[in-house]
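Here's a quick briefing on how two chains meet, plus a couple of local spots worth a look. Have the structure open while you read.

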Amino acid sequence: MTYAPWHAQSEPPRVIRLDGPEELRVSGVVPVVRWARLIKYSPILDENDTKRAYSAMQEAWPDWQKTYRASLTEHTGVPEESLHFIEPDIRWKRDGDTPMLDLPRVQARDVPEVLELRNCCALCIEEFSSKIWTRVGRPAIGTDDLAADQLRHVVQNFRAMATSCGEWFYREYRNLTKDVFAGFDVEEVGAFEITTVGLRVEGTFDHDAFDSWLFRYDDEGRERPNLENEPLCRFLQDAAGLDFHPRELTSLEPQAFWMSMPFAIELPNGELAARKVLYLARPRGNDAVQVVGIGIDDSREGDLAREVALKVSRFLASRV
Amino acid sequence: MGDETPLIEKIRTGVQGPQPAFRNPFSILFEKICAVGYVPGLSEELQAKRPNVRIALVSMPTMPAADLRFQEFSSAVDRSEPPPLDHKACWRQLVTFDQAFADKMFASFSEALTAALEDKGADIVCFSELGFPSFEMKPMMEAAQLAHEMSRKHNALVIAGSSHDARTLYNTAYLFYPGSDVHGHVFHKSISAVSVKEWVSVPSYRRVPLVNIFGLKIASMICLDVADYASIASVVRCADRVDVLLVPCYTPGFEKMAKIAKVTSEALGLVAMVNATLPEEPAGLHQIWRLGRKLEPPHQALPSGAAFITYVDVETEKLKEDRVQKLSKENTTDWLFGNRNIPVVY
C-alpha cells in the first residue's frame, strides 16, 4: 500500500490547533523579488578569475553605464531622469566565501510605483553554480507601505522587471566577461525566483498568534503550513500568481514542496523576536524554480522580507 | 553533457540534506522565557563599523575561598506564620567585601581600564563576574563614575563586571558606553551559583542586553546563565542579529564551560568568557571560541600583579563573512536549538 503524504490528501486532516487563526489587520505589504540565472564554470573559478571579471566590467562601466541606464528604463518603464544611482560604481566584495560583483543600487522614488533595483553577480569559487541576480523591491526607507490589495499587481510587475532586466543583464555580463572566461566551459543550469512578502501588522502580538496564523500542529505536535487559513492562502496566491488554491499545490505539482525559514527581527521596543516565513517551492519547467514566501512583519524597520529573502537566497545558492 | 536532474529536485535535495536527524523537543517551547533586547541610546557614529575591534578581557582578583564573608538574607516580604513559610526557599546569601578589599578591587579596576583603553587602545573591555568594585554589598559609585568617564573619553564599551547588591539581593552587572547614563546600563544574573555559595534573587523577567557598536552586535550574560538552556537558546534564536557573546564569569569549574562556549560559538560567531583570578583553583582565565574553533591569545599580568588581561582582536568584516559562510552551509547546532539557519521542510 502506498502511503499518501499528508499534503496530497484531498480533505484536510483532523488537527489539533493551539489557537485558531486570529484576524490579523494587515496594514501593508512589503514584497521583494529576486531572480537569478544559474551558470556553472568549468574549470571551477578562483578568486583571481572573479577579480578579472570585475576589472573587465569596471573598465567598461564609464561607457556602458549609459546603456545600462537606458536598459533599466526599458525594462522597468521608469524614465531615465527618475532613476537615481545610490552608489556610483561597481564593487567587488565577499558574501561569505563567495566573491560578488555588485552593480550600483538604483532607486526610483518620484514615480507612481516606487522601486529599488540591483543587479549583482555571485561568482562561486566552489563546485556550485554562479548566480547572476536581479533584485527588485521598494526602497526600505521613506516610502509608505503598499496596500494589501495591490500585492498581486505589484509582484507581477516586479517579477516581470526582474526577469526581463535579469535576462538582459545576464547577456551583458556574459558579453563583457567573454574574454576573461574564454578558456572556460559555461553550462547554463537554470533560473530561480525567490519572492518574499512581509505582511505589516499593527499592534502587539505574541509569537503563538503569528505561529498559528501561518502554521498548524497535528496530533503529534508536528508543524504544518496552515492552508486552512484563507487569508494566508489568498496572499500566497497573489504573491506566487497561482490560479489554483495553495492546498492543491502538491497534488497538481507533485514536485512542489513547502518549507519555512526562521529569522530574527527587531521589534519597535528594541527587543529581538524570532519569526518564520512560510515558503512554497515549485518547478517552472525543468530548469526553473519559483520560491515564494509569506511572513508576518512586526519589525521596527519593515525589513523582514528583505532580510529573509537574502537568507533564503544564500542558503539555496550554497546548494545548487 | 550536463546534469539532467530537474532543478527543483536539486533544490529539494539541497534543502533536505542538512535536516538534523533529531530535534531537541525543548527547542520549540523556550521562546517566552528570556528576552534579548537592544540597549538604547547608542549613536549612529558608535554603531558604524570599525574594520578591527579590540576586546580586552579582564580577570579581576579575588579572595581565597576561606576568607570570603557571606551575609544571609530572607526574601520573604512578610514573615508572619501560619501558614508556614518555606524559609529555606527564601534564604539568600551574598558575598560581602570590606573596605580593604574594596580598595584593592578599585585599584585593579582602574589599572585595568587604563591599561586596556589608554595603553592598548581597546574598543571593548569586559570584566569578570564580581569584578565590579563593591563595599559591603553596595556597588561603588567611584567605580561607576570611572567606567563612565573612561568609556566616554576613549569611545569604548565597558562591560564592567558585576557585584552582589544587598539592596536588591541580585548579582548585578553594569555596562557603559559613550552617552550612557552615568550609572550605566544595568542587567542581572538569572541563576544562582549555589555550588560557590551564591544564593541570589533573580528578576522575574529575564533579559539579555544587546549592544550594537562598532559594526558588531554584542550580547552579554553572566556566568552560569550560559548553562541555562532557555537563556542561551533565546540568544541563539536571534543569531541573525548577534555576532558576539561576552560572559563575565567567576567559577572554579571554568573548564567545563568550554563545551558550552564551543557550541554557542558555532551558532553565533565569537563567544568570549572571562573568569576571575582564582589562585586556589586550576581554572583558566578565558574561554574564547570563534565559530567552533578555540582561540588562545596569551594573557598578561597587570603591573600590580593582581589582575590579568587578555586581548582578542576581531576583524569585523571577516567575522561576518565567516559567519555567513558557516551558517548557510553547516548545520551543527540546529539539532540543539531548533532550526535557526536552515529551513524546515514539510
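**Where chains A and B meet**

Across the interface of chain A and chain B, the rule picks out 17 residue pairs in polar contact, both residues at pLDDT 80 or more; a polar contact is a pair of N or O atoms within 3.5 Å, where within protein one must be able to donate a hydrogen and the other to accept it, and residues adjacent in sequence count only if both atoms are side-chain atoms. This is a predicted model, so local features need pLDDT of at least 70 and side-chain atom pairs pLDDT 80 or more, while totals for chains, interfaces and linings use all residues. Residues are numbered from 1 along each chain as its sequence is written, chains are lettered from A and ligands numbered from 1 in the order in which they are written, and side-chain values use heavy atoms, with hydrogens and water left out.

**Size and make-up of the interface**

- Chain A puts 53 residues into the contact and chain B puts in 40, with contact meaning heavy atoms within 4.5 Å.
- About 3,900 Å² is buried between the two chains, and carbon and sulfur atoms give 60% of that; buried area is the accessible area (1.4 Å probe) that two parts lose on being put together, summed over both.
- On the chain A side, A:F257, A:L272 and A:R319 lose the most area to chain B, together 17% of what that side buries.

**Specific links**

- The rule finds three salt bridges across the interface, each a side-chain nitrogen of Lys or Arg within 4 Å of a carboxyl oxygen of Asp or Glu.
- A:E271 forms a salt bridge with B:R207, and their closest N and O atoms are 2.6 Å apart.
- Strand β11(A) and strand β19 of chain B (residues 344–345) run antiparallel and are joined by two bridges; strands pair if DSSP finds at least two bridges between them.
- Helices (H or I, at least four residues) and strands (E, at least two) are DSSP runs, numbered from the N terminus.
- Opposite A:S260 you'll find B:V344, in β19(B).

**Buried spots**

- Seven of the eight residues of α3(A) are buried, that is, under 20% relative accessible area (1.4 Å probe, protein chains only), with exposed being over 50% and partly exposed in between.
- The cover over those buried residues includes β8, β9 (215–217), β10, α4 (230–240), β12 and β13 of chain A.
- B:N24 sits in the loop between α1 (7–16) and β1 (34–38) of chain B.
- B:N24 is buried too, at a relative accessible area of 10%, and B:N24 touches B:Y229, B:W335 and B:L336, leaving aside residues up to four places away in sequence.
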